[in-house]
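This note sets out several points for a reader who is meeting the structure for the first time. Each numbered point takes up one part of the chain and may be checked against the display.

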Amino acid sequence: MRVALIGDEKYENRNEIKDLVFKLKQKYGDDLILITRGNQVGVEKWVRKFALEMGCKYIEYNPASTPMNLYSGMTEEYYDKPYHPTQPLHQYNCVVENADKLIYFGEIKRNEYNHFNRVLQRWGKKVNFVQ
């Protein structure tokens, strides 16, 4: 089961994230793969930390303008490109395409929400929002 745990950079409820990762690990066991956008702050920082601590498989779809790392979900050719404003939007495409379930923590910017909603509709998927 591929579960995307993404969210706002200001969302910092570590205990809620840790509990959710623990419950998902109990429910899906070794079949669990956690997915994020690779942000280094907020929700995704804690998802990465707890996923690795609990021995979960972990994939991140970090922007093309960043270097590839051990957990990057794209091929090596994708990374180390010049920054472009659409890269954060492309991260949503990658996450939605590759996740079976999606959970979004905190607030989402209006322009990102519009794009995210279109991608969800295109793939016929739904997201659970946690405030």
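1. Helices α3 and α4 are roughly parallel to each other, because angles under 35 degrees count as roughly parallel and the two helices pack at an angle of about 30°. Their axes are 10 Å apart, and α3 passes α4 in a right-handed crossing. The model is a predicted one, and the points below should be read accordingly.

2. Which residues make this contact? On the α3 side they are L89, Y92, N93, V96 and E97. On the α4 side they are E112, H115, F116, V119, L120, R122 and W123. By class, the contact of α3 with α4 comprises 7 nonpolar, 2 polar and 3 charged residues.

3. A second pair of helices may be set beside the first. The axes of α1 (residues 14-28) and α2 (residues 43-53) come within 9 Å and cross at roughly 45°. That angle makes α1 oblique to α2. The crossing in which α1 passes α2 is right-handed.

4. The contact between α1 and α2 involves R14, I17, K18 and V21 from α1, which meet V43, W46, V47, F50 and A51 from α2. Its residues divide into 7 nonpolar and 2 charged, with no polar residue.

5. D19 also belongs to helix α1. Is D19 buried, partly exposed or exposed? Its relative accessible area is 43%, so D19 is partly exposed, given that this class lies between 20% and 50%. The C-alpha atoms of D19 and F50 are separated by 9.4 Å, although the two residues are 31 places apart along the chain.

6. E44, in helix α2, has a relative accessibility of 1% and therefore counts as buried. Leaving aside residues up to four places away in sequence, E44 touches L5, I6, G7, T36, R37, G38, N39 and Y58.

7. The aromatic residues deserve a separate point. A pair of aromatic rings is described by the distance of the centres and the angle of the planes. There are 8 aromatic pairs in the model. In the pair formed by Y104 and F116, the ring centres are 6.0 Å apart and the planes stand at 45°, so the pair is tilted. This pair links distant parts of the chain, with Y104 in strand β4 (residues 101-105) and F116 in helix α4 (residues 110-123), 12 residues apart. Both Y104 and F116 are buried.

8. Y104 also forms a tilted aromatic pair with F129, at 5.8 Å centre to centre and 50° between the planes. Since Y104 lies in strand β4 and F129 in strand β5 (residues 127-130), the pair ties together parts that are 25 residues apart in sequence. The two partners may be compared by accessibility: Y104 is buried, with a relative accessible area of 2%, whereas F129, at 38%, counts as partly exposed. Y92, Y104, Y113, F116 and F129 form one aromatic cluster.

9. Finally, where does D80 lie? D80 is found in the loop between β3 (57-60) and α3 (87-98). Its phi is near 65°, a positive value in a residue other than glycine. With a relative accessibility of 58%, D80 counts as exposed, because the cut-off for that class is over 50%.

Note on methods
Residues are numbered from 1 along each chain as its sequence is written. This is a predicted model: local features need pLDDT of at least 70, side-chain atom pairs count only at pLDDT 80 or more; totals for chains, interfaces and linings use all residues. Side-chain values use heavy atoms; hydrogens and water are left out. Helices (H or I, at least four residues) and strands (E, at least two) are DSSP runs, numbered from the N terminus. Buried means under 20% relative accessible area, exposed over 50%, partly exposed in between (1.4 Å probe, protein chains only). Axes are lines fitted to C-alpha atoms, for helices over the stretch in contact, and angles run from 0 to 180 degrees between N-to-C directions. Angles under 35 degrees count as roughly parallel, over 145 as roughly antiparallel, 65 to 115 as roughly perpendicular and the rest as oblique. A crossing is left-handed if the near helix is turned anticlockwise from the far one by less than a right angle, and right-handed if clockwise. Contact means heavy atoms within 4.5 Å. Ala, Val, Leu, Ile, Met, Phe, Trp, Tyr, Cys and Pro count as nonpolar, Asp, Glu, Lys and Arg as charged, and the others, Gly among them, as polar. Rings of Phe, Tyr and Trp (its six-membered ring) pair if their centres lie within 6.5 Å; planes under 30 degrees apart count as stacked, over 60 as edge-to-face and the rest as tilted.
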